[in-house]
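Biologist: I'm new to this one. Can you show me the structure and then walk me through parts of it?
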Amino acid sequence: MVTRLYTHPIFLEHITPPGHPERPDRLRAIERVLDDEAFAALDRAEAPGGDEATILYAHPQEFVERVRSAIPETGITRVDADTTASPKSWQAAITAIGAANAAVDDVYRGRADNVFVAARPPGHHAEKTTAMGFCLFNTAAIAARYAQRQHQAERVAIVDWDVHHGNGTQDIFWDDPSVLYCSTHQMPLYPGTGAVSETGAGNIVNAPLAPQTGSEVFRDAFLSRILPALDNFAPDLIIISAGFDAHHRDPLAEINLTEDDFDWATGQLMQRAGRHSDNRLVSLLEGGYDLQGLAFSVAAHVGRLMKG
């Protein structure tokens, strides 16, 4: 398997306040763990600049301008209670979108079998017209629309294993049966969405996990709900909203996964990509706030992507 990694120094320049969990050190921890010789074969590339016009694939122009106007010339401003912006946040967010779209290009043009994008800010909480939950734009949603518009993908599946429900992705695709959105997440927990009863146009599959549960419940959610939905949908492309905050060390939640669980889930999704999508799989970093848990989980995830 050819696995490509996209990242960029600009992602470190999206500055958050002291003590904020979504901080540049997250990417530094990932960079350190992927410097190990076990990842020598990883195809590393600098993320390209993004095309701002592609933001409109998932968000209206008025919202885009509202986010742009919130970017400060100096210092840090609050977009909402826990989402902030600094002078380079716009460029970081646009480059994250550029990396995700380039990853879609790569898997469709045969330059890679799969791609991991180590970028920030994350994206899955950004709704059509609302930036929230550390997220400015919904990178996964934009990438899914990009695949449809640029590569004629008929069916795109987004699988979100971040411990927080991706309310933004669900909002954007709520009534669109061409995109399947599947999520495992702790419930109750921020942002309060993600009940089993939330099914959209039959294309939303939520598998909430109770606090203090772990590997067995997580894997059962995949085996009983997520994987059958993927097989029924037969996607042309699988996008992972790869948050690693369901790790037992993470400070923001109470799900007790280990890096082995992320290895296993990655393997399951790779099997479906091989079965339905000609191996096309794009993984986008979302959450994960304990640096050790994040680093070990990313290593397991990327290692599985490379092994096939």
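**Strands and helices**

Modeller: In β2, Y6 has A45 as its bridge partner. Keep in mind that this is a predicted model.

Biologist: What does Y6 stand opposite in β5?

Modeller: Y6 stands opposite V117 there.

Biologist: OK, and how many bridges join β1 to β5?

Modeller: Four, between β1 and strand β5 (residues 114-117), and the two run parallel. With strand β2 (residues 43-46), β1 also pairs in the parallel sense, over four bridges.

Biologist: Through which helix does the chain cross from β1 to β2?

Modeller: Through helix α1, residues 25-34. This β-α-β crossover is right-handed.

Biologist: Why is β1 described as largely enclosed?

Modeller: Because four of the five residues of strand β1 (residues 3-7) are buried, the rest of the structure largely encloses the strand.

Biologist: Switching to helices. At what angle do the axes of α6 and α7 cross?

Modeller: Roughly 10°, and the axes come within 11 Å. Helix α6 covers residues 215-233 and helix α7 covers residues 259-276. The crossing angle is under 35 degrees, so α6 counts as roughly parallel to α7.

Biologist: Which residues meet there?

Modeller: On the α6 side, S215, F218, R219, F222, L223, L227, L230 and D231. They meet residues of α7, among them D260, W264, L269, R272 and H276.

Biologist: How many of the contact residues are nonpolar, polar or charged?

Modeller: The contact of α6 with α7 has eight nonpolar, three polar and six charged residues.

Conventions. Residues numbered from 1 in each chain as written. Predicted model: local features only at pLDDT ≥ 70, side-chain atom pairs only at ≥ 80, totals over all residues. Heavy atoms only, no water. Axes fitted to C-alpha atoms, helices over the stretch in contact; angles between N-to-C directions. Parallel < 35°, antiparallel > 145°, perpendicular 65-115°, else oblique. Contact = heavy atoms within 4.5 Å. Nonpolar A, V, L, I, M, F, W, Y, C, P; charged D, E, K, R; others polar. Buried < 20%, exposed > 50% of the residue type's maximum accessible area, 1.4 Å probe, protein only. Pairing = 2+ DSSP bridges. Right-handed = clockwise from strand over helix to strand, strands pointing away.
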